[in-house]
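Here is a quick tour of one protein model, written for someone who likes to know the cut-offs. Have the viewer open while you read.

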Amino acid sequence: MENQQEAIARCSSCRGVPFEITPHWDRPSSNKPPVDNIDGRWPWLPTKLTSTCSQVLPFRSAVARSLSRPSSHFCDVEVDQLVDDGGDQEQAVIVDLENPAHIAEGKPVAVTAAGAKQTNVATRKASSSRLSVILLDQGLFTVYKRLFVVSLTINLVMLILAVTGNFPYLRNRAALLSVANIFALTLCRSEAFLRIVFWLAVKLLGRPWVPLSLKTATTSLLQSLGGIHSSCGIASIAWLVYALVLSLKDRSNTSSVTLGLAFTILVLLFLSALAAFPLVRHLHHNVFEGIHRFAGWTALALVWAFVLLTVSYQPSSNSYSFNSSKLINTQEFWFTLAITVLIILPWLTVKRVAVSVHAPTNHASIVKFSGGMKAGILGRIARSPLSDWHAFGIISDGKKEHMMLAGAVGDFTRGLLSNPPSQLWVRGVHFAGLPYLVNMYNRALLVATGSGLCVFLSFLLQRSRADVYLVWVAKGMEQNFGEEIMSMVNSYPKEKMIIHDTAALGRPNIEELVLKATDKWRPEVVIVTSNPEGSRDVVNACKNAGVPAFGPIWDS
């Protein structure tokens, strides 16, 4: 049974960006990754049909539970170590039962009942550990949760004032408040808008005389905007329910069609909120993304119909009379228009570009694109514009090209190894995350484990405002990352780095290693990209030592 198990190493930087390291597939005891179903095709459909349609629609991969969950937030130091030690709580030990080759060829899967039970227990314990770290161990009073409570409380107070009749304007504008909350939650997730906000933060606050407390407060706020996004989603549902109740009480002045539209929008909003529930989102990330995307688009179209019909409805004659001047004078119209622009803008920049893919090792591939990028920028790629988009940290010297390091774990990343594409779909709007804010500080210590290094590599290749120092812990660096990545690391001044290869030096106490680095270099801030427990421990150790520290958080 043990020969059928592999430890899957996952990681994710800020804003849910995955970086993954695969197990050693070349080992005799390992299951080979599936290569016959790279594009998520149904194995029983004709090859010609699936190959044609899969270029547009994702088919099976859109709804199947992915082996690579972007929300996992894993950048584990060692892969083999976890198996040898009997399994780490940070990892999910799984049996490769989804390989279609076993089914098509009638090959038995050698898994005993006891082995399957042991595997299921290990998987549940690992998943439980991840959820507890992500949702609880990061603290009950985080900035994210405080923003969530404050935003939701403001909406609840306004709703209570409207229901009790103490604020007539809100009572008469319940539907408007629902649309306004949808606008706010869209704004908090708009990559184009946030790119501007992050740029302004660095531009205005990235000066030596700006107080460090203001910089760290801004970093906490920008990293935790997901709290406002979530609370506004719940508030939009509450306001829409209240608007429906008022409309049902005033049926003589309300169109049945607009009532039906409002109820349908409510159902779609509720489904989106339910899919975003942490347990569902963590265990079924593809389901979450699919519902969030397509239910959101459908709801937006229905909001437009709702606004147009509400403005056009004439209660006296029970008919519709469109009036453009009346429409443009309604607040609902402008909010809906703003939401539409924010959602459509990234898709207007989607294009297919030529790429160069090569595998420095059999554990990861490097995807190269033309054009330089600034440090701290992240990007999304896909084989099909309507399939799942995968986000990775961008590595660039800021000159002629940029690249992404993709570890071979999920179907998409394994496909880059077994079936390298010559073209990929990309979004022209690249987004900024926590690493981008390094430029706001004077001295920064970057801490990475495993392939989490890739979000920081650009700071080693190009000059930045901050004086950057690096602590990197990984196993078999040359073997797992290849000569090209290692040459980038080795080009940086040795006196500004601590490189710890666990294959040669053993697994370290990362908290102690980082604290020694802070004593040596005296950074203003520590930015860490590791697994949930590692990030939590490093951040807490630094904060206890009086050094501001930030790491990936849930829904950052």
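## Around Ser 255

Setting aside neighbours within four places in sequence, Ser 255 is in contact with Tyr 313 and Tyr 320 (contact means heavy atoms within 4.5 Å). Ser 255 sits in the loop that runs from helix H11 (226-249) to helix H12 (256-275); helices (H or I, at least four residues) and strands (E, at least two) are DSSP runs, numbered from the N terminus. With 4% relative accessibility, Ser 255 counts as buried. The classes here are buried for under 20% relative accessible area, exposed for over 50%, and partly exposed in between, using a 1.4 Å probe and protein chains only.

## Ground rules and overall picture

This is a predicted model, so local features need pLDDT of at least 70 and side-chain atom pairs count only at pLDDT 80 or more, while totals for chains, interfaces and linings use all residues. Residue numbers start from 1 along each chain as its sequence is written, and side-chain values use heavy atoms, with hydrogens and water left out.

The protein chain has 22 helices and 18 strands, and 52% of its 556 residues are buried. Among its contacts with a separation of 6 or more, 77% are between residues 24 or more positions apart.

## Salt bridges

Side chains of opposite charge can pair when their charged atoms come close. The rule used is a side-chain nitrogen of Lys or Arg within 4 Å of a carboxyl oxygen of Asp or Glu, and it gives seven salt bridges.

One of them joins Lys 368 and Glu 484, at 2.8 Å from N to O. That pair links distant parts of the chain, with Lys 368 in strand E8 (residues 364-370) and Glu 484 in helix H19 (residues 477-490), 116 residues apart. Lys 368 is buried at 18% relative accessible area, whereas Glu 484 is partly exposed at 22%. Arg 443 also pairs with Asp 467, their closest N and O atoms being 3.6 Å apart. Arg 443 belongs to strand E14 (residues 443-449) and Asp 467 to strand E15, so this bridge ties together parts 24 residues apart in sequence.

Arg 536 and Asp 537 form another salt bridge, with the closest N and O atoms 3.0 Å apart. Through shared partners, salt bridges also join Glu 191, Arg 380 and Arg 427 into one network.

## The loop with Arg 465

Where does Arg 465 lie? Arg 465 is in the loop between helix H18 (457-461) and strand E15 (467-474), and its 44% relative accessibility makes it partly exposed.
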